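Hello,

Here is the structure I promised to pass on. Please have a look, and my notes follow below.

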Amino acid sequence: MGGTEHLTVQREGATLVLTLNRPQARNALSLPMLVGLYDGWLEADADDSVRSIVLTGAGGSFCSGMDLKALAGNGMAGEEYRDRLKADPDLHWKAMLRHHRPRKPVIAAVEGYCVAGGTEMLQGTDIRVAGESATFGLFEVRRGLFPIGGSTVRLPRQIPRTHALEMLLTGRPYSAREAAAIGLIGHVVPDGTALDRALEIAERINACGPLAVEAVKASVYETAEMTESDGLAAELTRGWPVFDTADAKEGARAFAEKRPPVYKRA
């Protein structure tokens, strides 16, 4: 199983849990962390026994954004990490889910700070849970910077434009309750329980047909910017083949026999 000095990877049943692990820096993004994240996305997609992914942070924070000193090297990253970035200059965007979308559902479990690059990476996840004291925000404009991790494109497509523009243009912090009210996150839970809730959601996903789950996720994203008629046509292209799988037959058989289905990705 993968991982780096700033990212831990572990299995919880059929769920791969990726934990940002620089608590002393509120899990600011470093080069080892980005390499580990990208490898984690690839590991999850390549392993058929993985049915979902949970992304979280250690030490009571999710992610406070980019650590520019760490990304520049500054003695904090080994040569092997810098070599990886040289070999793939797009690696950091793939790691942050800007230029990569895993096949498996990604659930974010947020505690504490999820700001700047943390909020940008959050937008690449599929389902989002946060502790009630979590803080969100895109602070870049306050520092004369641009949120170049995808937020000016994604955020207005994920939440109402008026809320997206306020978040982008004021750079102010948002509480978990505010983030839920505008639709940025889906669940607010007691502090310290976000990972537990995320794993509960993952278990529900894991109990479903994996081919169906992956096809549904793919359809949602690939039809998002289509016209309704084009989207409905694309949905049939994605959906009909699922009905011909052995898993679909197993689901119907298990229902009739009043037992849990045993899916085999076939």
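Let me start with a helix pair: Ser151, Thr152, Leu155 and Pro156 in α6 meet Arg161, Ala164, Met167 and Leu168 in α7. Contact here means heavy atoms within 4.5 Å, and helices are DSSP runs (H or I, at least four residues; strands are E, at least two) numbered from the N terminus. The residues of this contact divide into five nonpolar, two polar and one charged. The axes of α6 (residues 151-158) and α7 (residues 161-170) come within 7 Å and cross at roughly 145°, with axes fitted to C-alpha atoms over the stretch in contact and angles running from 0 to 180 degrees between N-to-C directions.

A word on the model: it is predicted, with local features needing pLDDT of at least 70 and side-chain atom pairs counting only at pLDDT 80 or more, while totals for chains, interfaces and linings use all residues. Residues are numbered from 1 along each chain as its sequence is written, and side-chain values use heavy atoms, leaving out hydrogens and water.

Next, Ile107, which sits in strand β4 (residues 106-110). Ile107 is buried, with a relative accessible area of 0%; buried means under 20%, exposed over 50% and partly exposed in between (1.4 Å probe, protein chains only). Leaving aside neighbours within four places in sequence, Ile107 is in contact with residues including Ile53, Val54, Ala198 and Ile205. The C-alpha atoms of Ile107 and Thr56 are separated by 8.6 Å, although the two residues are 51 apart along the chain.

Enjoy exploring it!

Terms used:
Ala, Val, Leu, Ile, Met, Phe, Trp, Tyr, Cys and Pro count as nonpolar, Asp, Glu, Lys and Arg as charged, and the others, Gly among them, as polar.
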